[in-house]
Amino acid sequence: MRRVRTPTGLDEGGLERALELLREAVRRRGLRSSSVRESIARAALQREGHFTVDDLIRDLRTTEGEVHTATVYRVRPLLVEEGLLQTTLVSSSDGAHYERAFEREHHDHLICSQCGKVVEFFLEDIEELQRAIAKKFGFRLTGHVHELVGTCRDCLRTDA
Ligand SMILES: [Zn+2]
Ligand SMILES: [Zn+2]
């Protein structure tokens, strides 16, 4: 079992590689290039840890001025499908979050339902079991979200 470190935002080099991948995807999909889309990708990739779409919109409003919520929601699936972001903490009380997937190792989450604390971990046995389950039912896996929900040590202590 390994504790996975929550990363800081992507550095300039990583950001350039991510944006190049996005531009390629935009060409492949025959979409128009858009500076707003790139600003959204940039803001998302520079964010630390886990964030909601609302967090992202708040960031963008400070750096880019007015950004339409609908635009952010429209760009989001592309960023997820192209592997720049992944959906995470779907069991969280404030709904689904996102986090950088680009140039980051896979990990799973433990969530405290009282204070929202998140622990990121990796355990090969769990990965192996999930592959075995998929194989048994004839699925080819493209991803998974594995989350454990409970009460963290600090909140347990406060309760007592
Ligand atoms: Zn807690
Ligand atoms: Zn995470």
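Thr88 is found in strand E2, which spans residues 85–88, where helices (H or I, at least four residues) and strands (E, at least two) are DSSP runs numbered from the N terminus. The structure is a predicted model, in which local features need pLDDT of at least 70, side-chain atom pairs count only at pLDDT 80 or more, and totals for chains, interfaces and linings use all residues. Side-chain values use heavy atoms, with hydrogens and water left out, while residues are numbered from 1 along each chain as its sequence is written, and chains are lettered from A and ligands numbered from 1 in the order in which they are written.

With a relative accessible area of 2%, Thr88 is buried; buried means under 20% relative accessible area, exposed over 50%, and partly exposed in between (1.4 Å probe, protein chains only). Not counting residues up to four places away in sequence, Thr88 touches His50, Ala96, His97, Tyr98, Glu99, His109 and Glu147, a contact being heavy atoms within 4.5 Å. Two of these neighbours also meet the Thr88 side chain through polar contacts, the side chain of Glu99 at 3.3 Å and that of His109 at 3.3 Å. A polar contact is a pair of N or O atoms within 3.5 Å; within protein, one must be able to donate a hydrogen and the other to accept it, and residues adjacent in sequence count only if both atoms are side-chain atoms. Thr88 and Val145 are 57 residues apart in sequence, yet their C-alpha atoms are 6.9 Å apart in space.

## Positive phi values in two loops

Leu89 lies in the loop between E2 and strand E3 (97–100), and its phi is near 50°, a positive value in a residue other than glycine. At 4% relative accessibility, Leu89 counts as buried. Glu103, in the loop between E3 and strand E4 (108–112), has a phi near 55°, again a positive value in a residue other than glycine, but Glu103 is partly exposed, with a relative accessible area of 45%.

Leu79 touches Leu22, Ile40, Ala41, Leu84 and Leu85, not counting residues up to four places away in sequence.

The axes of H2 and H3 come within 10 Å and cross at roughly 115°, with axes taken as lines fitted to C-alpha atoms, for helices over the stretch in contact, and angles running from 0 to 180 degrees between N-to-C directions. The contact is made by Ser39, Ile40, Ala43 and Ala44 of H2 and by Leu56, Leu60 and Glu64 of H3.

## The chain as a whole

The secondary structure of the chain comes to six helices and six strands, following the pattern β-α-α-α-α-β-β-β-β-α-β-α along the sequence. Buried residues make up 38% of the 160 residues in the chain. Taken along the principal axes, the C-alpha atoms fill a box of roughly 50 × 45 × 30 Å.
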